[in-house]
Every structure is written in C-alpha cells, then in structure tokens.
Amino acid sequence: MIAELWADLRYRLRALFHRSDVERELDQELAFHITQATAKWVADGLSPDEAKRRARLEFGSVDNTKEESRERRGTALMEATLADLRYALRGLLTHPVFTAGVVLTLALGIGANTAAFSLIESVLLKPLPYPHPEQIVSLALIDPRGQVPGGGAQVSDREFAVWKRDSRSFAALAGLSGGSAVLTDGGDVEEINGAEVSGDFFPVFTVAPALGRTLTAADTRSGAPPVVVISQTLWKRRFGGDAAVVGRTATLDGVQREIVGIMPPGFRYPSEADYWIPRSFEPGNGTMSWFFSAVGRLAPGRTLAEARTELQAVQTRAELNRPPRARGGRVDMLTLHERLFGSARVPLLRLLGAVGFVLLIACTTTANLFIARAAARRREFAIRASLGAGRGRLIRQLLVESVLLAAIGGLLGLAFPVWGTRVLTAVIPSTVDHVPAATLDGWVLLFAAGVALCTGVVFGLTPVASLSWSNLSGVMKASAPGAGGNQSHARQGLVVVQLASAVVLLAGAGLLTRSLTAFVALDPGFNPHHVLAVQVDLPRSRYANEHARSTFYDQLLQQTRVLPGVVAAAEADAVPLFGFSMLSRLGTDGAAPSTESNEMTAVNRVTPGFLAAVGLTMKRGRWFTDADGPGAPRVAVINEAFAKSRFPGSDPIGHRLFFPLLPNAPPGAVPVQPLIVGVVSNVRQVGDLVEPMAEAFFVAAQDSSVPEALTLRTSGPPLELVAAVKHTIATIDPSVAISVSADLSAVYSSTYADRRVDAFLLSAFALVALILSASGLYAIMSYLVIQRNREIGMRMALGASSAQVLRLVLRQGMTSTLLGLGLGLAGAFLLTRELRALLFRVSATDPSVFALVAVILGVVALGACYLPARRATHVDPMTALRWD
Amino acid sequence: MTEHRLDLPQGTLDLLILKALSLEPMHGWAISERLHQVSKATLQVPQGSLYPALHRLERRGWIKAEWGTSDNNRKAKYYALTAAGRKQLASDADEWSRLTTAVALVLRMN
C-alpha cells in the first residue's frame, strides 16, 4: 500500500517537475506507434502515403490522446495550482507596496505567535530530560498556618523521616538542599552552585553518571569519607574533561572531597547545579536540617493522585501524637515539572492571548487590504469569468494568493522567535528559577506553518464572501456606482473587529500600567539608592566557631567603613528586600507570647550603623548608639507594623519585649526583656511582599550574635565599590569569596520588573492594535468617500453645506467606532478578569481606565474619519457628477 | 472495416493490457497488435485510448516503463508488469470471470 502510494507520488512528481521530458517521451512513443502501423500497412501493399493515412485514421486524434494521457498522469490539479502560483507571484510583484505591507503585517502577527509558542513549547510542553519524567514529583508540607512568605516548597526532617518510613507510594524519595560552595582548586577561588543530596537523589532521576558513580546512602552516613559528584560543565571547564579526575580530590568550602562521579551533559538539577555532595536528612544526627526540598519517583503503577492521598493519610496519622496546634499539615505534591514551571503557565497563556489578538488584527488588516484589492480587480475577475473560469477557479486563485502571502510572511516571521523569545522570556515570573532556552524545532515550524496556512485561508476567503458573483458580468459593462456595497459592509465589519481588539488590549495595558505606577509609587520604607549589600561565604571548616566568625565580620565592618566612598556601614541579620533570616514570636511586658494570638515577628539583629546605611526613617524615640554596648541595658526598636498590632493607640516606647526561652536553654536562665526605645518606618522585607510584617531590631553586640549581611551606603554608584570590598576581604582572608553583591536600587526595581515587562508588552501590542485599526478606519472612510463622491456632489449641488457633508461622513465612521468600542468594552469587561492576579490596587473593571480607553479610541477614530470627511467637503459638484 | 467488431466494456482495457503484459514486456504498438490478433480481430481497441490507459497503469505502479530497442532497431518504450500489477491482474481476472459467469447464468434464464 505504502509502496504504491510512493510509486504514485514519484510518478506525479516526475510528471510535474520534468514535464518537458515526459512530454517528449509521449511524443516519441506515439510517433513510434504511427511508424509501426504505417510499416504494417506498407507491408500489406499500400503506398507509403496511403499507409500513413490509414495508420493515423486507425489511431484517432493524437492531440486527444495526448491530452487524455496528461490527465491520466494525475497532475492536472497540481499543474493548475502551479499556474495559479506563477500568476499570483506575478500579480504580487507588480504591486510591491501592497505586497510588502501585507507581508510585514503578517510577519509581525505570525512571528509574534510563533515566538510565544516556541517559548511555551520549551517551558511548558517539553518534558524534563529524565526517564519517565512524569513519575518525578516534588513534595512539600504546608503547615496549618500557611507558608512562611518567600519560603518556597519545603519539608522538615521530622516529616521527611515519617514519609520515608511509612509511605508505600515511592520507588525513591530524596531530600536535597540547594546552595553554593567555594571551590578552591587549581588557583582560582570560585563560587559554584550545587546541592546537598540524600542517598536516594540519583535513583529518583535514574540518570547514570557519564563517568564513575553517583552517590549512595552509604556516602551520607556520618564518618563516611567526603565525596562529591560534579556536573559535565564543571568537569569540562575546571578539569579540562580529563577522565583521570575521577578519584582525585576537590576542595569545596575548605573540605577535601574525592570526586567519585561525573554526570552526563544536561543534568543540572536543582537549577544550575555543578556539584552534589552527600547529606543525611534524617533527624537527630547532630546537624539541624529544618527546611529542605524533597523529590520522589512514584512507584511503578502509582498515579500522582493516589500517592498524594496516601501520603496525606501518612501525615495525618503521624500528627495524631502531636499537640493540636501542630496538626493540620497539608501535603503539597506536584510533578517536578509543575513545581519548576507551573508559575509560568498563566503568564505564558496570557502572552499567547495577547499575541493572538495581534494576529487577529494582522488578519483583519490584511483581509481589509485584500477586499480593497479585490474591488479593484473586479474587472479582471469578470474577464476571467467570461473566458470560462468557474467560480471555484477564481476562489482558488484568491486562496493561492493569500496563502502565498501568508507563507512569505510566515517565513519572514520565523526570524522573530530567534530574538523575539529573548524579549518575551521576560514575561516568565522570576519564581521560575531557570528558564530553558527556546529552540526553533520541528513543532515550532509546524506551528508557524499551521498559523500561516490558517491565516492565509481566513483572510483569503473574506474577499470571496464579499464579492457578489452574480453581477460580475455587469461589471464588464460599466463600473456601476452602487456596486461594492457588500464589500464596504464586510470592511466595516472588519474595522469593528479591529477596533474592538484594540479596545481589549488598551484596557489590559491601561490596567497593568496603573498597577505598575501604583506599585512604584509605594514607599519601600527605606532609601534603596546608593546602597551596596554584600554577603560572603566563610569556609565552614575554618569558621566553625562563633569567635572566628565574629572576628572576621568585625574586621570586615571596621575596614569597609573607612573605604573612600562609603558614607555609612552596618551589619545585620537581614537586609531589606532579601527576606527574613529569623522569625519568632515575641511577648510584651513580662508576658510570654501566646502561639494563638501573637503573630510571627521578623527579628533583625544589627549594628548601630544600620539606620543610616539602609536609610530607615525614625518615627518615634531613638535609634541605637554605640553606647548600647554589651554591658548596657538591653534595648530594642520596633517597626510601625509591630507598634500598630501590639500597642494600638498607645506609645510603645518604654514598654518591654519578651523573648521566650529556647527549649535547650540552661537551667536558671531568665527570659530577655529589652526596652523599646524607638519606632521606625515599615520596610519592605521581601521583594514583592507589599504588606510589611512586624519587625523588631536588636543590637547584635547585646545578643552576642554575629550578623552576616554587610550593608554599605555609598556616595557614588554602589557597584563601583565591589572591587575595593573584594580587596579588603582578601587582606583579611584570601580564601573567602563574595557570594552576593547587589545594588539595592537594582534589587528594588527588580521587584516590579515582572510588572513592568507585562505592562510594557501589553502596551506595545495595544499601540500596534490602535495604529492598525485607526489606519483601517481611515482607509475604509477614504474609500467610502470616493464611492459616494457622486452622491456627495449631488447633495452639494442641491445646497448641502460643508458642515452637513462633514457630519454625514463622520456619522458613518463614528457608527463603526461606537460599535467597535461597545464590543471591545464588553470583551474587555470579560477578559480583564484574567489579569486580576497581576493587578495591584486597581480593580479589573476600573472605570477610569475604561473611560480613558474610550476617549483615546474615540479621539483616534475621529481623527481617522476627519481627514476623509474633510476631503469630501472639497468635492466639486461638477466633477463629481461627471465621475465615471 | 466491414466485419462486425465489439466495443470494449468500460474498464476492461486495463485488464487486457495487464494480461498481455503478463506474457512478456511489450511496447504500445505490440500490445495493440497482440490484442487484435488474440481476439481474432473481434475486439475493437481504439489505438489512441491505449496510451492514456498505459500512463494511468504506470502511475498506479502496476506496470513500469523502460526505453529499449525494438526488433527493427528503433527506440521504443517497453512496458512490463510489476509485482503489484501481477496481483492486480489476478484479482481483476477473477472478478471478470465471476462477472461473466454470473451474467451468462442470468441470460440463460428462461
């Protein structure tokens, strides 16, 4: 069967593309037949001439035979289409401006869609590069009070141990904790990303190492020799891809580890990991492991839902022995793919929606141009119809033209994904930690081809619908002034659709822009400009004890404080926008905190320079001074949120905080009760978390703690100071690397980068829509004015004033505008709801935004109608009546 | 051309061509002559209609064409049956004989 089809196709293709060869062969074959027949008659005794005549007579018509043979080759349709293509190409080349306009419009529409699709394909549709990726799940426990802001998907060692012991749903269940380490081999000190993983980590992914072995449970036991598995990338980059590296050692964070394995290319989980080191996540082995991630591979035959139900039951059973307030944990289980990329789905689909509108507008614009052109070509069609071309043939001609244009546009549009995805990638929220590169693969090409074909058919068929075929013959006789009524209806309809699309996009853009400005206008509570935040990684082996760390950070603060260009310097547990380092429940005025009523408070232990370095505003009382030393009475400063919730309506200064004792506190210890001496402004603690949490500040020296985040207020651009800070660190300890150095104003603007990108993209699309629909409106109005030239001339001859004519034309244009506006507003009312998650302090149906959209569209549409209307008033009645 | 000749029923030309070619590869003229002789000049095969049929059969992959040299040393296009053509001939011939038997039975009805 397949062989037959193949033979058939090969035959037809040869007939099509080697047409002259095939024709020549047919000539030769028929000539041979006639010669043989002639020879036979000659042998029978006829004269050569008579023989030839008999032969031809017997054969019948040679031309008919040829024609029939051609048809039997089955290439008639293809040949006709090829002819149409040639004809279409010639036609398009004679109208270069029209062609370029259509092709560019379509390239924009198809290209934007293809770019969006290629992004969606690489982020949402492509499976993770592991065997049976659908069986790999990510697990977390959501505690009954909800998650800690910015906490991500985590689980504690207690839960993890229970799950591992009791659950039967997993072939492998592993803990991992992503992080970074300083690699100090081969000269360069370099910080690399990696993870501590349990023995089941590699079985979850079932990826075999490229060289050596992966980690096992035996490696995680205490006392096991320190080992590390490294990524292909690191192996190539740092170790020159030398196979002898396996068995050698690498120094990570000061620990010499034997390299036991090298992973194949592409294995980088979590995010861009370059190393994996063993760690036991079992509780009670000395190290604390509170929050880490868990991944698992479902046992064969288990579905995600079954595993989730089973694990929830395990969790609920385990909670029975716990106090009531510690119950109610909810198992959060997703496929790993969903965990990694789930948050990108909605933004990407929204993007697809927006580019879909762009395509719709590109389509309607093109259809409009086509209708205009079809009107101009009525005479051509009429001639072809009278020469015997059927309706189907003419439709095919139009379709061939439009699909050809769409194909060229699509080809040109393929250039978009190449750089377009880079722009569009920005819509993916920053919660997606590693965005895979979009590629131009077969699916993307197929998508582009599909979109181009559909587009071509859609805008190619619109003029067909608008051409009234019955009176094509009438066209031959005269270009009747009334003809084309159908087309102008169709075109007006298209303009209405365009205007409506523009309204929807404008409304979305307006809402997002308002959200953005509302967000930017928020006071972050501190001055992020000219602040450098620095964090360093201390090799754990050498800085295991508190004293060594404290000495290092003291030196760091003393030496950076006096660097030229530093205005103020401080160290703290947490820098604004970077999150909390510690949350605690605090009591007040001698009362221990109650778990039920007292909210979690961010505890931030700082050096006295913090106020100046970060730029906090003092609201009441005083800030810390150098006099608040280790021997002085304990003091605290709280933020406004804390004051509002715990001392509503009264002055908190003079009250005391109450630190509950830790469970492992030595006997006889008394709870610490610092005196509140001041209130400061609320500071945005976590990037995009707008509602500030209660926060309390303490003097680090009084708590004998070592705050590890260095903050420098600078006089110039903060990042220019990084080199000097690096140098300072090197003079204190050359083995220490900077892990974070950030300009706080950049961090601050990155908190609304997602909003800015969304607002910008939608505004750009809306602008394109507005321009295209305005030009569409302008074109149709100009066309109508030309069409009604005679009528207008007649009216003016009968005494109509310019104003009356102006009103006549404007009324027609404004009817379309109002229809489009109404339709668009209704659509926007329904669709902007989809944006709700992105909106900030503005409702999805904000009346002022909708009103503004209506005004903008009205003004633009009026402008687009006014110019043609003006032209109408300049119609000279005499010329108009003589028209045609 | 006074003797009585039969026109070919629709579609039987294909069958006859396949049958003729099942004996040996032939060019168009030879097929025409062979059909003429074997049917004892009873069958009227319009020579012109032979070629479109040949081209269709070639397209369907039942016969394949090759240029060769004829008995009198001229270049001629030879057609040969393919494996698919052989199968087709078998099933067509079977169908034909069942049809003719059935028609004959009906005609003998009293």
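I started with the contact between the chains, which takes 24 residues from chain A and 19 residues from chain B (in contact means C-beta atoms, placed from the backbone, within 7 Å). This is a predicted model, where local features need pLDDT of at least 70 and side-chain atom pairs count only at pLDDT 80 or more, while totals for chains, interfaces and linings use all residues. Residues are numbered from 1 along each chain as its sequence is written, with chains lettered from A and ligands numbered from 1 in the order in which they are written.

Next I looked up which element of chain A gives the most to the side touching chain B: helix 2, with 8 residues (helices are DSSP runs of H or I, at least four residues, and strands are E runs of at least two, numbered from the N terminus).

Then I turned to helix 7 (residues 157-166) of chain A, whose buried residues are A:Asp157, A:Glu159, A:Phe160, A:Trp163 and A:Lys164 (buried means 20 or more other C-beta atoms within 10 Å of the residue's own, all placed from the backbone). They line one face of the helix, because they fall within an arc of 155 degrees seen down its axis (the arc is that of the directions from the helix axis to the C-beta atoms). They pack against strands 1, 2 and 9 and helix 11 of chain A.

Last, I followed strand 7 (residues 255-262) of chain A, which pairs antiparallel with strand 4 over 2 bridges (pairing needs at least two DSSP bridges). Strand 5 of chain A pairs with strand 7 in the parallel sense over 4 bridges, and there A:Val227 has A:Glu258 as its bridge partner. Strand 6 of chain A runs antiparallel to strand 7, joined by 4 bridges. In their hairpin, I noted that A:Asp253 takes a positive phi near 50 degrees.

Conventions: Two residues are in contact if their C-beta atoms, placed from the backbone, lie within 7 Å. A residue is buried if 20 or more other C-beta atoms lie within 10 Å of its own, exposed if 12 or fewer, and partly exposed in between; C-beta atoms are placed from the backbone.
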